[in-house]
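Subject: Structure handover

Hello,

Here is the structure I promised to pass on. My notes on its strands follow below.

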Amino acid sequence: MAVFTRPRQALVIASALALTFSATACSSSGSDTNSNADSPECAAYKAYQGSDGEKVSIYASIRDAEADILQDSWSQFEKCTGIEIDYEGSGEFEAQLQVRVDGGDAPDITFIPQPGLLNRFAAAGKLKAASAETKAMAEQNFSPDWLKYSTVGGTFYGAPLGSNVKSFVWYSPKTFKEKGWQVPTTWADLLTLSEKIAASGEKPWCAGIESGDATGWPATDWIEDLMLRTVTPDVYDQWTTHGIPFNDPRVVSALGEAGKILKNPKYVNGGYGDVKSIAATSFQEAGLPILQGKCALHRQASFYANNWPAGTKVAEDGDVYAFYFPAVDPAKGKPVLGGGEFTVAFADRPEVQKVQTYLASPEYANARAKLGNNVSANKGLDVNNVPNPIDKLSVEILQDPNTVFRFDGSDLMPAAVGAGTFWKGMIEWINGKDTAATLDQIESTWPK
């Protein structure tokens with residue numbers, strides 16, 4: 001499941017930044033927006049000029065303080081091109097986007113975090129193909145692994161914008177140093193470390209999959225990460241598109257590997273209770289016992305950095321940090337599970353195409369990165385412009401040529417499975433249902 005919420009700590013930081021950025025953003029639009037079009041600071045925007053005074057609407061799910069930062073990230077583009085970007089964020093984005101499109105009120109551009117939804121709009125003929133300039137910019141700056149998720153029937157619709165890395169295990173560097181534990185580099189080493197910690201009397205892992213109506217999704221990420229480590233990327237792709245059945249023996253094997261930790265009463269659930277407590281523990285709170293020494297490890301995405309209490313140092317020498325969820329066989333590459341949103345358009349006016357191309361450029365990626373709290377897979381992003389240590393590590397992983405990226409599988413599956421029976425099946429599996437029965441049930445619900 002693609003999760004882009006920035007709760008608590010991040011919002012505090014972002015709110016403070018927004019006070020500064022909002023004034024800048026407000027001053028960026030208006031009749032004098034491109035008065036500096038020929039100035040040295042606008043040299044990088046020459047290719048986007050020629051549409052002075054035009055407006056482009058963008059509709060997405062990014063709201064509040066983050067929306068202010070987002071608008072500040074393209075303020076220089078507005079000043080130098082004279083194109084005014086009218087941004088609107090909505091908490092009802094996914095439902096309302098369909099309503100607006102059906103009602104003839106589609107935005108010019110939108111940021112879609114689900115490739116399945118993007119595919120649906122494209123198949124319905126609603127999206128405009130990306131311009132040659134946008135396509136060239138995207139191919140220059142993003143790996144083919146990423147671009148295939150916004151390519152439908154051979155037509156490319158838009159580049160990724162933001163990204164997240166899900167293949168992380170959170171831990172306490174201080175505790176590891178005190179205990180003499182080493183960061184594992186293989187799945188076997190991770191299991192060995194888990195056994196070592198359990199033998200000392202401590203629960204090695206803490207976990208939680210409660211998330212309101214979306215309860216279960218954190219467990220789907222476990223399965224997806226283990227699928228990527230036990231099968232080839234092609235088989236993973238077949239699994240997400242039903243090229244192989246959901247109860248294929250290879251999926252059974254992946255659940256078995258995840259179960260070695262999640263269903264092992266010696267390993268879970270530090271600070272909360274037995275195996276079944278995982279289903280009742282919120283994903284936001286699940287990793288916090290690391291700070292209390294009640295568990296040592298917590299598998300969760302890069303965005304979990306925002307869940308640590310204010311004052312927690314998130315760094316390689318800090319209170320908490322994360323290491324790459326190790327591969328089974330590192331010699332076969334570095335599989336990475338993640339998510340992101342894609343910049344696609346419902347209009348193809350010149351100014352719309354210019355904005356779409358700019359958002360795929362290194363100039364935009366670096367401008368956004370400098371404002372903090374952001375990860376991009378753009379290969380032109382200078383990691384030195386990424387201030388947050390965990391975001392910097394995420395960018396380094398995404399830019400590693402050995403990385404094999406795959407999008408969150410449940411976001412690729414039909415919603416009835418990916419956001420339905422898969423989530424529910426994981427709750428039942430954690431609560432004691434056996435693996436074969438769980439997978440058979442999910443397989444029976446795949447749309448015919």
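**Strand pairing and packing**

Strand S7 (residues 168-171) pairs with S8 in the antiparallel sense, over 2 bridges. Strands here are DSSP E runs of at least two residues, and helices are H or I runs of at least four, numbered from the N terminus. Two strands pair if DSSP finds at least two bridges between them.

Before you read on: this is a predicted model, where local features need pLDDT of at least 70, side-chain atom pairs count only at pLDDT 80 or more, and totals for chains, interfaces and linings use all residues. Residues are numbered from 1 along each chain as its sequence is written, and side-chain values use heavy atoms, with hydrogens and water left out.

Back to S7. Tryptophan 170 stands opposite histidine 298 in S8. The open sheet has 3 strands in the order S8-S7-S9, with antiparallel pairing. Its edge strands are S8 (298-299) and S9 (321-324), each pairing on one side only. Helix H16 (residues 389-399) packs on this sheet and touches S7 and S9. Contact means heavy atoms within 4.5 Å. The direction of H16 makes about 10° with that of S9. Axes are lines fitted to C-alpha atoms, for helices over the stretch in contact, and angles run from 0 to 180 degrees between N-to-C directions.

Now S3. Strand S1 (residues 55-60) pairs with S3 in the parallel sense over 2 bridges. Tyrosine 59 stands opposite threonine 110 in S3. With strand S10 (residues 334-345), S3 pairs in the antiparallel sense over 4 bridges. There, phenylalanine 111 stands opposite threonine 343.

Best wishes
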